[in-house]
Amino acid sequence: MQIIPMLINGKWVQGDGQAFIDVVNPSTGEVLAQLTNASKAQVNEAVQAARIAFESEEWRQVKAFERGQLLLELAQYIRMHAEEWSLLECRDVGKPLTQARADVEAAARYFEFYGGAADKLMGDTIPIEDGILNAVVLEPVGITVHIVPWNYPLQITARSVAAAIATGNAVIVKSAEDTPLTTHAMTQWFARKFPKGIFQHITGLGREVGPLLTRHPDINHITFTGSVATGIEVMKAAAQNIVPVTLELGGKSPNIVFADAPMEQALEGVVRAIIQNAGQTCSAGARLLIEEDAKALFIKRLVDRFQTLKIGPGEADVDMGPLLNERQYVKISSLLQQAKEDGYVITGGDTLTIKGYEKGYYIQPTILDGVDADAELAQEEIFGPVLTILTFSTVEEAITLANGTDYGLVAGVWSKDLDTAHYVASRVKAGQVFVNNYGAAGGIQMPFGGYKKSGIGREKGFVALRNYTQMKNIAIRYATPERT
């Protein structure tokens, strides 16, 4: 059985503990590999190594464009190994191979984007008075910790690590215990190409290893993607050391479909927004807000579409793969059983057994109707292929429903009337609003983050570079000819 080692201070090591954690293929129940928990001593060693590496002359002398060239090289390397890494991601997460390939390409694009940006992050000058040159410079924050979730391990690792490396920081990645394989593959490249301590990969149970990192007094920035509850704990830990955080948390994102929407595009957009990665996506379009006049026909077509979706193992490259693990499977199965008893399920709602893959965690994509807007099913993130329908009659009612949760990550607006679309987009409290599309091909360049409990800060795009820099003002008085 393969044991996934950690990279700490340039060395491949296992955890100090004897307990191994199984990495399971959700499609088959097969154990793919094992990993161990990092100990407190190992976390301390990683942080110390990162500090030494970050402050070393070797790293200081690496020019911004040279960091960029290395990231561009990594993008090329990822593409060279795209099929191999796609298969790893497919087996590790359970997602269909096509979606895994898209994740691999997105990871390459992140390194490409931030590689190109590495020497283009500019400071500024501020006019003060004659005889003073005032410069604002951006410097790396130091040691950045990246706590990565299990649903998009390669893509989410890439999007924050690329920005942190581009700006000159030392990086420690804590991958999810369920899905470490592609991060380990990436780590092997960093181990060969970068000074020891600049990139390190730590494994283990999040509840045990995560706090060792977030509470460490020598960490300078924490990037976390995950649940609201864990995000709160990360913030509390960071507050003890006055450390900034970037938090990308949950969502209950609406697709708002008006009666004049481009219906074919809207239908496909709504379907894809909830079945991608079996709905295990923070930005999933988990609520359908449909105008009353269009509801009957749209829902009929939506149910028909759901019933034709093919579910199976990731490697079969069907429409939807399994849920990630038994914990997800039991939680969502129980929730759907109650929804059926309450009469909300209009299609789906059952678990599935796939011949030859009986140990996989399969569930039907499900549509719920008749749920009260204030009910838990319409308010809280399910993190599965479950779509809740709500109905509106006026534009203002649609906006009220869209904003009627504690989240504000993404929204979709579907209408041919640009006045309506612009007005709704301006009123919806969400970090990203898509008009007549949902997702914009991954949006590598577009700032991503949420309002309200969906998080703090933004990832993706140029703005994310600021997460990993700190601002220094330098005022220089110089002699003028009259003073000499």
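**Salt bridges in the predicted model**

Arg159 and Glu459 form a salt bridge in which the closest N and O atoms are 3.2 Å apart. Because Arg159 lies in helix 6 (residues 153-166) and Glu459 in the loop between strand 23 (455-456) and strand 24, the pair ties together parts that are 300 residues apart in sequence. Both partners, Arg159 and Glu459, are buried. The model is predicted, and a search of the whole structure finds 25 salt bridges, of which some are described below.

**Pairs that involve strand 24**

- The side chains of Arg477 and Glu129 meet in a salt bridge, with an N to O distance of 3.5 Å.
- Arg477 belongs to strand 24 (residues 469-477), whereas Glu129 sits in the loop between strand 5 (124-127) and strand 6 (132-140), so this contact ties together parts that are 348 residues apart in sequence.
- A salt bridge also joins Glu139 to Lys472, whose closest N and O atoms are 3.1 Å apart.
- Since Glu139 is in strand 6 and Lys472 in strand 24, that pair ties together parts that are 333 residues apart in sequence.

**Accessibility of these partners**

- Arg477 has a relative accessibility of 53% and therefore counts as exposed, the cut-off being over 50%, while Glu129, with a relative accessible area of 45%, is partly exposed.
- Glu139 counts as partly exposed at 28% relative accessibility, and Lys472 is likewise partly exposed, with a relative accessible area of 37%.

**A linked network**

- Glu268, Arg272, Arg305 and Asp319 are linked with one another in a network of salt bridges.

How values were computed: Residues are numbered from 1 along each chain as its sequence is written. This is a predicted model: local features need pLDDT of at least 70, side-chain atom pairs count only at pLDDT 80 or more; totals for chains, interfaces and linings use all residues. Side-chain values use heavy atoms; hydrogens and water are left out. A salt bridge is a side-chain nitrogen of Lys or Arg within 4 Å of a carboxyl oxygen of Asp or Glu. Helices (H or I, at least four residues) and strands (E, at least two) are DSSP runs, numbered from the N terminus. Buried means under 20% relative accessible area, exposed over 50%, partly exposed in between (1.4 Å probe, protein chains only).
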